[in-house]
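Let's take a walk through this model together. Have a look at the picture first, then read on.

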Amino acid sequence: MKPSDIGPRPHRSFAPVFWLLFGAGGMLSALFGPALILLTGIMAPQGWGLPARFTDFPHALEFARNPVGKLVALAVIALFLFHGAERLFLTLKDMRAGALPVLRAATYGVAALMSLATLILLLLIGF
Amino acid sequence: MSEQRPFHRPMPANWWAHKPYLSYTLRELTGVAVALYGVILLAGLVCLWLGADAYAGYQDVIASKLSLLAHLLLLVAMLWHVVTWFQTLPKTMPRLILHGKPVKPQSITAIGLLVAGVCSVALLAAVVALGAWS
């Protein structure tokens, strides 16, 4: 049987790509999100349990210049953004908040642009 | 040919703000908190690239009382995300069968929460230990 015998090629959807990014971001944030918010947003800035020099400019720059640090920063920022984008898009769609192309641009579009910005910034900061 | 006119049950525009949909809405909105935290980190990365002065400004903002309050709210939303994520996991993953018996959804949720707790506590402990030791 030739492939043409089983009918036209089915329409391919991009949805699994976004579903995968949503799932990866959801799992990463479920496993490490609370600790990350506590560390970078509460403990380090307030000086609770962490020395001030831990997040000063030279140390932060060293982290962003390290290849592993770059990978961690990109994974956390991009996957968290795409996780939120998927949830917000589907919720706004269910709320009938606007035309689908507008909602897509406002969620997936913003997440994609910000992820690209993260990648470019990490490359600009150098190794 | 008669025209099809299916009945559409009327639905208030703000159905998502009422029970039983409210819990669904709140769960989905935790995703916004997760993304917002990503944006805060991205802002830090921008300032880091701009230089020492911009990064010092970012640190001042992050250390403010308003930022502390915002991060506490983000933490609450993140914790609710963790709970609901592992409550949904048994429904989204393939059926797990051990020794010929399907694993109970409650067990999968419990194991997921346990693993998440271990991961977060391990990361916290590792960073605090590194800070104290260095």
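Start where two helices of chain A meet: A:K70, A:A73, A:L74, A:I77, A:A78, A:L81, A:F82, A:A85, A:L88, A:F89, A:L92 and A:K93 in α3(A) touch A:L100, A:L103, A:R104, A:T107, A:Y108, A:V110, A:A111, A:M114, A:S115, A:T118, A:L119 and A:L122 in α4(A). Here, two residues are in contact if their C-beta atoms, placed from the backbone, lie within 7 Å. Sorted by class, this contact has 18 nonpolar, 3 polar and 3 charged residues. Ala, Val, Leu, Ile, Met, Phe, Trp, Tyr, Cys and Pro count as nonpolar, Asp, Glu, Lys and Arg as charged, and the others, Gly among them, as polar.

Keep in mind that this is a predicted model, in which local features need pLDDT of at least 70, side-chain atom pairs count only at pLDDT 80 or more, and totals for chains, interfaces and linings use all residues. Residues are numbered from 1 along each chain as its sequence is written, while chains are lettered from A and ligands numbered from 1 in the order in which they are written.

How do the two helices lie? Helix α3 (residues 67–95) and helix α4 (residues 100–125) of chain A pack at an angle of about 175°, with their axes 9 Å apart. That makes α3(A) roughly antiparallel to α4(A), a label for angles over 145 degrees.

Now zoom out. Chain A has 4 helices and 0 strands, where helices (H or I, at least four residues) and strands (E, at least two) are DSSP runs, numbered from the N terminus. Along the sequence the pattern is α-α-α-α. The radius of gyration of chain A is 20 Å, well over the 14 Å that the globule rule gives for 127 residues, so chain A is more spread out than a compact globule. (That radius is taken over C-alpha atoms, and the rule is 2.2 Å times the number of residues to the power 0.38.) The C-alpha atoms of chain A fill a box of roughly 65 × 35 × 25 Å, taken along the principal axes.

What about the partner chain? In chain A, 46 residues are in contact with 40 residues of chain B. On the chain A side, the elements giving two or more residues are α1 (15–46), α2 (57–65), α3 and α4. The largest share, 17 residues, comes from α1(A). By class, that side divides into 31 nonpolar, 12 polar and 3 charged residues.

Is A:P34 buried or exposed? A:P34 is buried, with 24 other C-beta atoms within 10 Å; buried takes 20 or more such atoms, exposed 12 or fewer, and partly exposed is in between, with C-beta atoms placed from the backbone. Across in chain B, A:P34 touches B:L75, B:M78, B:L79, B:V82 and B:S120, not counting residues up to four places away in sequence.

Most residues other than glycine have a negative phi, and most peptide bonds are trans.

A:R96 is in the loop between α3 and α4 of chain A, while B:H99 is in the loop between β1 (97–98) and β2 (101–102) of chain B. A cis peptide bond also joins B:K19 and B:P20, with omega about 5°.

Key:
Axes are lines fitted to C-alpha atoms, for helices over the stretch in contact, and angles run from 0 to 180 degrees between N-to-C directions. Angles under 35 degrees count as roughly parallel, over 145 as roughly antiparallel, 65 to 115 as roughly perpendicular and the rest as oblique.
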